[in-house]
Amino acid sequence: MFLDTANITEIEAMLPFNWLTGVTTNPTLLAKEKGQTRANISREILSILGESQRLFIQATGVTQAELYEDAQTILSKDARIAIKIPADQNGFHVMTQLKQERPDVEILATAIFSVEQSYLAALAGCDWVAPYVNRMANQGLSASRIITDTVALFKQLGVSTKILGASFKNTAQITETLIAGAADVTIPADLVEVMMQNKLAADSIQTFNLHAKGGCK
Ligand code: E4P
C-alpha cells in the first residue's frame, strides 16, 4: 500500500506499520505544503523512508521536451524515486524514451481514465498505471469495470504492468478497486485512519477491556 500525500507528519504517522510500500505525490499535493519547494519536500520524505520504500514524483511540462527534462531532474536525486508521467500524447513519448534509455527506471503512468490509456502505457513499458477512481466516478464512469477490463487485457498481453489504484474519496472505492484486481492502491492518510477505526470493533474492544479489568477469565 502507498500513502497519497506530500505531508511529512502524515507519512511519519504511518511508518511504524509495515504496510507502507512507499509514497505517491502529485503537484497538487506538493502545493498544499505551503512555502516549500518540490525539492525540499522530496528530500525530507526520502530522509524518513526506508531503503526499499519508493517515492513517486510526477513530472510536469507543457511540451514533450519540458516533461522529459523534468523527469530527468526528478530521477537524478535518489535511486528510490520512481517517476509519474501523465498518460497523454507527450507522456507516451516520454515514457517510451525513458524506458529505452534507462530500462531500470520505474514509471507510473498517471491520470488514467480509460483502458486505452493503460494499453498504450503498458506497450510503452510502464511498470504501473494509476486509474483515478474517484475522478472517474465523478464523471459517471465505472472504475471497477475499467480496472477489471484492464486486468484482463494485461493478462492477455502477458505484460508485467501493474495497476496502482489512485484518487480515492471513501474506503469502499479502495476495496472495490482491490477486488477488481488492482495490485496496489495509494490512499490519503485520512482514509487510512478511517480503515483502522471501526465502531463495532471499538465497542467490542471496550467491553473486553472492561471485563479484563473486572478480573473476568
Ligand atoms: C495519485 O497518484 C494521484 O495523483 C492522486 O491519487 C489523485 O487524487 P485526487 O483525485 O484526490 O486528486
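Mentor: Helices are DSSP runs of H or I with at least four residues, numbered from the N terminus. In this predicted model, L67 is placed in helix 4, residues 64-75.

Trainee: Is L67 buried or exposed?

Mentor: Buried means under 20% relative accessible area. L67 has a relative accessibility of 3%, and therefore counts as buried. Beyond its neighbours within four places in sequence, L67 is in contact with A59, T60, G61, I85, P86, N90, G91 and V94.

Trainee: At what angle do helix 4 and helix 5 pack?

Mentor: Angles are taken between N-to-C directions. Helix 4 and helix 5 (residues 89-101) pack at about 45 degrees, and their axes are 9 Å apart. Helix 4 is therefore oblique to helix 5. The crossing of helix 4 past helix 5 is right-handed.

Trainee: Which residues make the contact?

Mentor: Helix 4 contributes Q64, L67, Y68, A71, Q72 and L75, while helix 5 contributes N90, G91, H93, V94, Q97, L98 and E101.

Trainee: Where is Q53 placed, and which backbone atoms lie by its side chain?

Mentor: Q53 is in the loop between helix 3 (38-48) and strand 3 (54-58). Its relative accessible area is 13%, so Q53 is buried. The side chain of Q53 reaches the backbone oxygen of L20 at 2.9 Å, and a polar atom of that side chain lies 2.6 Å from the backbone nitrogen of G50. Neighbours within four places in sequence aside, Q53 is in contact with L15, L20, T21, G22 and R80.

Conventions. Residues are numbered from 1 along each chain as its sequence is written. This is a predicted model: local features need pLDDT of at least 70, side-chain atom pairs count only at pLDDT 80 or more; totals for chains, interfaces and linings use all residues. Side-chain values use heavy atoms; hydrogens and water are left out. Helices (H or I, at least four residues) and strands (E, at least two) are DSSP runs, numbered from the N terminus. Buried means under 20% relative accessible area, exposed over 50%, partly exposed in between (1.4 Å probe, protein chains only). A polar contact is a pair of N or O atoms within 3.5 Å; within protein, one must be able to donate a hydrogen and the other to accept it, and residues adjacent in sequence count only if both atoms are side-chain atoms. Contact means heavy atoms within 4.5 Å. Axes are lines fitted to C-alpha atoms, for helices over the stretch in contact, and angles run from 0 to 180 degrees between N-to-C directions. Angles under 35 degrees count as roughly parallel, over 145 as roughly antiparallel, 65 to 115 as roughly perpendicular and the rest as oblique. A crossing is left-handed if the near helix is turned anticlockwise from the far one by less than a right angle, and right-handed if clockwise.
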